[in-house]
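Thanks for coming. I will keep this short, and I would like you to have the structure in view while I talk.

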Amino acid sequence: MSYREEWKEVKIGDISDRITSGGTPSTRKKEYYNGTIPWLKTQEVNFNRIYKTNNHITELGLKNSSTKWIETNSVIMAMYGATAGKVAINKIRLTTNQACCNITLNPNKANYEYLYYFLCKDYTRILNLAVGAAQQNLSTSVIKELKVKLPPLPIQNRIASILSAFDEKIEVNRQMNAT
């Protein structure tokens, strides 16, 4: 049997341990902001890896909002407006606003980097699923139903490893050029 025949089309919801959006603490309460908890906004989701966030919230802000902790190596997809369909991988534990769909995969079913690269490649198709008159939006329910093509896990791991090595080399070159 060829590797191609072993590929399966599955819904993201079927390979995930958790899919959730985040939340925004009340902006009227200054005590909810400028804390130590990384808090991601969709403007930071741009086909990248997240090592730090531009904003932070406090423990009080976390407790008094619908935001929640997102485990490292989750795939984050922006759901609203100009950033809809863009993805990132969080390399730190963080929280997000409600415009982020946070996908934590079951590692026995799928490789998070493979899913990230698949979604990057499928950006245009995903954008076409967004709905709305004034602003194009996705929802967690639409994202759960998104179908992806998965090879066996060892092949996913190999594909992700090769693509990640290229991304790392590009980032090193970018940093060298900036220096």
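This is a predicted model: local features need pLDDT of at least 70, side-chain atom pairs count only at pLDDT 80 or more; totals for chains, interfaces and linings use all residues.

Residues are numbered from 1 along each chain as its sequence is written, and side-chain values use heavy atoms, with hydrogens and water left out.

The largest nonpolar core has 26 residues. By that I mean buried Ala, Val, Leu, Ile, Met, Phe, Trp, Tyr and Cys joined through side-chain atoms within 4.5 Å; buried is under 20% relative accessible area, exposed over 50%, partly exposed in between, with a 1.4 Å probe and protein chains only. Ile12, Met77, Ile103, Leu115, Leu119, Ile143 and Val148 touch the most other members. At least two residues each come from β6 (75-78), β7 (87-90), β9 (100-105), α3 (112-121) and β10 (147-150). Helix α3 gives the largest share, six residues. Helices (H or I, at least four residues) and strands (E, at least two) are DSSP runs numbered from the N terminus.

Another core, of nine residues, lies apart from this one and includes Val45, Ile70, Ile76 and Leu94.

Next, Asp122, in the loop between α3 and α4 (123-127). Is Asp122 buried or exposed? Asp122 is buried, because its relative accessible area is 11%.

Last, Ile162 sits in helix α6 (residues 153-178). With a relative accessible area of 37%, Ile162 is partly exposed.
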